[in-house]
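Here is a brief report on how parts of one protein chain pack together. Please keep the sequence and the model in view while reading.

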Amino acid sequence: MTMLDRTALVFSALNGVPATRFFETADLTGYKREQLAEVFDTSLKTFQRYERDRKKLNPQDSEKVLKIIHLFQAGESVFGSSDSFRRWMDKPAYGLGNQIPFTLLHTSGGIDLVLDEVARIEYGDLA
């Protein structure tokens with residue numbers, strides 16, 4: 001992600017993204033909505049209420065949604081399919097201290113770590 005992309009992401013997050021982006025993110029990742037809601041430490045019912053009331057997500061959740069979208073787009077590109085990337089996300093990853101990448105999505109920094117690992121895989125830097 002370039003500096004311009006990161007800047008745009010931050011400004012979008014500060015403005016808040018529509019709650020519908022959470023559901024788009026769930027569709028993109030292929031995870032169940034309940035699973036993804038746990039990553040946000042928010043109930044699915046809360047996201048459904050936000051969507052119904054046409055609310056925006058707070059800046060932290062907006063940032064997380066945007067970063068997860070970027071991560072899964074990058075992962076699909078590197079792994080060749082969303083299914084292959086999702087399988088990788090659900091198994092311990094050597095480059096992440098044998099942590100399961102999906103469990104790291106609970107924090108913005110964790111998403112960055114997973115994205116960095118995907119970039120290393122893309123460029124063959126697996127050591």
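## Helices α5 and α6

The model is predicted. Helix α5 spans residues 59-79, and helix α6 spans residues 82-89. Their axes lie 8 Å apart and meet at an angle of about 110°. Angles of 65 to 115 degrees count as roughly perpendicular, so α5 and α6 are roughly perpendicular to each other.

Helix α5 brings L71, F72, G75, E76 and F79 to the contact. Helix α6 brings S82, S84, F85, W88 and M89. Sorted by class, the contact has six nonpolar, three polar and one charged residues.

Is M89 buried or exposed? M89 has a relative accessible area of 0%. Buried means under 20%, so M89 is buried.

Which residues does M89 touch, leaving out those up to four places away in sequence? The list is Y31, L71, F72, I100, P101, F102, L105 and V114. Two of these, L71 and F72, belong to the α5 side of the α5 and α6 contact. As for A74, its C-alpha atom is 13 Å from that of M89. A74 and M89 are 15 residues apart along the chain.

## The two faces of helix α4

Helix α4 runs over residues 44-52. Its buried residues are L44, T46 and F47. They cover an arc of only 160° around the axis, so they sit on the same side of α4. The cover over these buried residues includes α2 (20-29) and α3 (33-39).

The face turned away from the buried side carries the exposed residues K45 and R52. Just after α4, R54 takes a positive phi of about 55°.

## Aromatic pairs

How many aromatic pairs does the structure hold? There are 10. In the pair of F22 and F23, the ring centres are 5.1 Å apart and the planes stand at 85°, so the pair is edge-to-face. F22 is buried at 0% relative accessibility. F23 is buried too, with a relative accessible area of 4%.

F22 also pairs with F47, and this pair is stacked. The distance is 3.9 Å centre to centre, with 0° between the planes. The pair links distant parts of the chain: F22 is in helix α2 and F47 in helix α4, 25 residues apart. F47 counts as buried, at 0% relative accessibility.

One aromatic cluster is formed by Y31, F72, F79, F85, W88 and F102. Among them, F72 and F79 of α5 and F85 and W88 of α6 take part in the contact between those helices.

Conventions. Residues numbered from 1 in each chain as written. Predicted model: local features only at pLDDT ≥ 70, side-chain atom pairs only at ≥ 80, totals over all residues. Heavy atoms only, no water. Helix = DSSP H or I, 4+ residues; strand = E, 2+ residues; numbered from the N terminus. Buried < 20%, exposed > 50% of the residue type's maximum accessible area, 1.4 Å probe, protein only. Contact = heavy atoms within 4.5 Å. Axes fitted to C-alpha atoms, helices over the stretch in contact; angles between N-to-C directions. Parallel < 35°, antiparallel > 145°, perpendicular 65-115°, else oblique. Nonpolar A, V, L, I, M, F, W, Y, C, P; charged D, E, K, R; others polar. Arc of directions from axis to C-beta. Phe/Tyr/Trp six-rings, centres within 6.5 Å; stacked < 30°, edge-to-face > 60°.
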